[in-house]
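Welcome to a short tour. Keep your viewer open and select each part as we come to it.

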Amino acid sequence: MSRPKVFVTRPSVPKEGIDLLRQTCDVKVYNEDKPIPRDALLKGVAGIDGLLCLLSDPIDKEVLDAAGPQLKVIATMSVGFDHIDIEECKKRKIGVTNTPHVSTDSVAEFTVMLMLAVGRRLFDSAAAIKKGEWVHSWSPMWLCGQGLKNATVGIVGVGRIGQSILKRLPAFGIAKALYYDVIRPVPAAEEMGAIYTPFEDLLKQSDFVVAMCNFSEETRGIFNKKAFGLMKPSAVFINTSRGGVVNQDDLYDALKSGQIRAAGLDVTVPEPLPKDHKLTTLPNIAIFPHVASAEVSVRILMAEMAANNILNTFNGKPLISSVY
């Protein structure tokens, strides 16, 4: 009996995952550590039974056609799966899996770190020395920010990561936590003391607004001119969910005009964000290259989960994390 064929789109997928596949599958790995070019992707998927891909790999009808009717499973090494044409996969009865859960704590920890760092102006303070701006030994109001103590924190989207953030907030002595979610109530969030609040009211009341919502047509650009206009001038906006939920032109205007005080982003549109993008010119924003889950242990777990999803498909076992 021939071994199933699996294509992996990046050589930097942790070897623990690739080694699992190689035990029972013929595995081909794209050989350059960068997003696979379209022509190489179309060529690489031809005749495969399973695909291990990343967020940077658009998997659409053309790719599925190039793969052929024997393709049984697509495993993305990510929580998000909006780069995959799910409806087309359903039509073809191709299993689609992602890697939730394993990065939850890592992303939540990073998000709280970003709230503190942006709120307390950590990056401004570090840059002040490099810019030669530290010319007096001490000044009472210089580089003052706001921490989480006595703050109102509003979280938009309280799935696994949103709930994990909520678990961490009491240690910082916040005044209260608000949440908005298309699903209400969210018992787990309310058990931790979070109060359901309509979206616009949450924006008006919060000192920190944290975007943790999924990306969809309903959430596309929901953080826009109107939303930023409702926030406090002292508000800090944080996004570690998906870049597409933010209208970046409106965010730029809100930050430049002082409509809101500061922002921290781990996700943008596009990714990578050009170094000369206008957002990078602002002093009151910290932008990171989608690294909220960037811990070695987390990446290994993600690779192993993706590999095991593929193997379970070939072995007739239930998928660990099917997206539909």
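Let's begin with helix α5, which is mostly covered, since twelve of its 16 residues are buried. Please keep in mind that this is a predicted model. Select the buried residues of α5 in your viewer; among them are T104, V107, F110, L114 and V118.

After α5, click on R121, where phi is positive, near 60°.

**Zoom out**

Show the whole protein chain, with its twelve helices and twelve strands. Its C-alpha atoms fill a box of roughly 75 × 45 × 30 Å along the principal axes. Among contacts with a separation of 6 or more, 61% are between residues 24 or more positions apart.

The chain has 37 positive and 35 negative charges, and their mean positions are 1 Å apart.

**Inside helix α12**

Select N309, a residue of helix α12 (residues 296-314). Is N309 buried or exposed? It counts as buried because its relative accessibility is 0%, and the cut-off for buried is under 20%. Which residues does N309 touch, leaving aside neighbours within four places in sequence? Its contacts are V73, T97, N98, L319, I320 and S321.

**Two cis peptide bonds**

Go to P185, in the loop between β7 (176-180) and α8 (187-191). A cis peptide bond joins R184 to P185, with omega at about -5°.

Then move to P270, in the loop between β11 (262-265) and β12 (285-287). Here the cis peptide bond is between V269 and P270, and omega is about 0°.

**Two loop residues with positive phi**

Select K93, in the loop between α4 (86-92) and β5 (95-97). Phi of K93 is positive, near 60°, though the residue is not glycine. K93 counts as exposed because its relative accessibility is 74%.

Finish at L143, in the loop between α6 (122-130) and β6 (152-156). L143 is not a glycine either, yet it has a positive phi of about 60°. With 17% relative accessibility, L143 counts as buried.

Technical notes: Residues are numbered from 1 along each chain as its sequence is written. This is a predicted model: local features need pLDDT of at least 70, side-chain atom pairs count only at pLDDT 80 or more; totals for chains, interfaces and linings use all residues. Side-chain values use heavy atoms; hydrogens and water are left out. Buried means under 20% relative accessible area, exposed over 50%, partly exposed in between (1.4 Å probe, protein chains only). Helices (H or I, at least four residues) and strands (E, at least two) are DSSP runs, numbered from the N terminus. Contact means heavy atoms within 4.5 Å. Lys and Arg count as positive and Asp and Glu as negative; His and the chain ends are not counted. The place of a charge is taken as NZ of Lys, CZ of Arg, CG of Asp or CD of Glu.
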